[in-house]
Structures are given as C-alpha cells and as structure tokens.
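Have a look at the structure first.

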Amino acid sequence: MDFVAIDFETATSLPTSICSMGICIVEDSMVTDVKEILIKPVPYEFYDYNILIHGITPLAVRDKPTFAECYDDIFPYIDGKTVIAHNASFDIGALRSCIEKFNLKCPVFRYMCTVQLSQKAYPELPSHKLNNLCDEFGINFSHHHANDDAYACACILLKTEKDFDIHTFEELSEHFSVKLNDMSPEKHKRLIEEKKAREIKKIMQRKSRERKSKTE
C-alpha cells in the first residue's frame with residue numbers, strides 16, 4: 001500500500017494556528033520517510049495549554065515560515081495521494097481552514113481516519129486513542145510530536161493491513177465499513193459556502209432575537 005500519514009499540532013484552539021506538521025510516507029507498505037515541518041502560526045500567539053501538550057514554544061517557530069510560505073513544500077506530499085490521519089476530522093479540518101484562510105490552491109486526495117478504522121478492526125480494545133493503541137501494539141513514539149504521531153498512525157494502518165491480509169484502501173473501506181473520503185477544490189468550495197451560509201443564519205437569528213427583546 002502507498003499512502004501518506006499526516007498530523008498537525010496547533011498553537012491555540014483555532015484550527016488555523018498550525019505550528020507543526022508531521023508527515024510519514026509509506027511506499028509498498030514500508031515507511032520510507034518521516035519528517036516534521038515547524039510553522040509560524042498567524043497570528044503569532046500560543047496558548048499555555050497547547051504548549052504543555054506538544055512542547056512547541058513561540059521561540060521554536062519564531063523564524064520559521066508561515067503555513068502559506070511553506071505550502072509549496074507541503075502540497076506535493078498530499079496532492080494526488082491517499083492520506084490518513086488519526087482523528088482525520090481535526091487534521092483535515094485544520095488543513096481546510098488554512099487553505100481557506102490563506103486562499104491557497106486546494107489539493108486533490110482521498111483520505112481515511114485511523115480512529116474509525118481501529119474502532120472497527122479492534123473493537124475489543126478499551127480505547128482507540130493514539131497513545132493507547134501504540135501501547136497495545138508495542139509502537140514506540142513520542143505523543144503529540146507531529147512526526148511521531150504521523151509515524152504511529154501509519155504503523156496502525158500497516159498493522160491492520162497485515163492482521164487482516166487486506167492490501168488496498170478500497171478493500172479496507174468495504175471490509176470495515178469505514179468511509180474513504182475525498183478532498184477536492186469543488187468539495188472545498190461547497191463546504192466553504194455551507195459554512196458561510198450557517199454563519200449568516202446565526203447572525204440573522206441573533207439579530208431577530210435582539211429585535212424581539214427590544215419590542216418586549
């Protein structure tokens with residue numbers, strides 16, 4: 001199997017505050033490269049809670065490129081690829097948010113969540129958090145270091161491939177009823193439009209409540 005595992009760490013609670021990206025490349029079911037890209041978030045601010053989790057400080061990324069500045073380096077790793085992430089809704093959501101924020105070219109790729117996959121493949125386990133799965137499977141890694149998290153995510157999928165003798169993402173999706181999602185400019189545009197529509201609806205509802213309270 002060929003795929004790319006990714007992981008993002010953020011400086012604040014905002015999905016656009018990416019400060020680190022982990023990338024693990026798998027070719028023919030073997031890990032061939034693991035790397036971390038440190039990123040200066042925009043705005044340049046960190047929450048103490050986030051620093052406590054991943055250990056990345058403002059000083060560590062002070063002279064690093066912003067997401068927009070390093071996107072040309074990131075793009076080839078994911079465009080046209082099959083991408084996996086542990087809790088993909090967070091990582092793909094952060095990627096989408098940064099693409100929207102910085103008005104960047106949207107890549108085309110398909111992706112799968114290894115949280116959902118591990119829940120279906122190993123339902124007997126009490127937890128499917130990344131660190132707990134790695135403890136269970138004997139995978140050595142440093143949690144919340146983006147490159148290690150991406151590597152661990154890749155190892156979980158490779159173990160599933162071996163344990164169940166399944167060698168394509170289509171077979172994984174069908175066997176475990178786990179969705180193989182896609183990202184594309186068309187879908188990205190639709191999601192942005194839906195997001196804006198929800199925001200407008202909330203504003204209109206708030207204004208309606210305010211008008212109503214003034215008349216009472």
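Asp2 sits in the segment before β1 (3-10); strands here are DSSP runs of E with at least two residues, helices are runs of H or I with at least four, and both are numbered from the N terminus. This is a predicted model, so to speak of local features takes a pLDDT of at least 70, side-chain atom pairs count only at pLDDT 80 or more, and totals for chains, interfaces and linings use all residues. Residues are numbered from 1 along each chain as its sequence is written, and side-chain values use heavy atoms, with hydrogens and water left out.

Which strands lie at the edges of the sheet? The sheet is open, has 6 strands in the order β3-β2-β1-β4-β5-β6, and its pairing is mixed. β3 and β6 (181-183) are the edge strands, each pairing on one side only. From one strand to the next, the twist averages 30°, taken between lines fitted to C-alpha atoms in their N-to-C directions, on a scale from 0 to 180 degrees. Two strands count as paired if DSSP finds at least two bridges between them.

| Strands | Bridges | Residues standing opposite |
|---|---|---|
| β2 (residues 18-27) and β3 (residues 30-38) | 8 bridges | Met21 and Ile37 |
| β5 (residues 109-113) and β6 | 3 bridges | Arg110 and Asp182 |

Now for the backbone. Most residues other than glycine have a negative phi, and most peptide bonds are trans. Asp28, in the loop between β2 and β3, has a positive phi near 55°. The peptide bond from Val42 to Pro43 is cis, with omega near 0°, and Pro43 is found in the loop between β3 and α1 (48-54).
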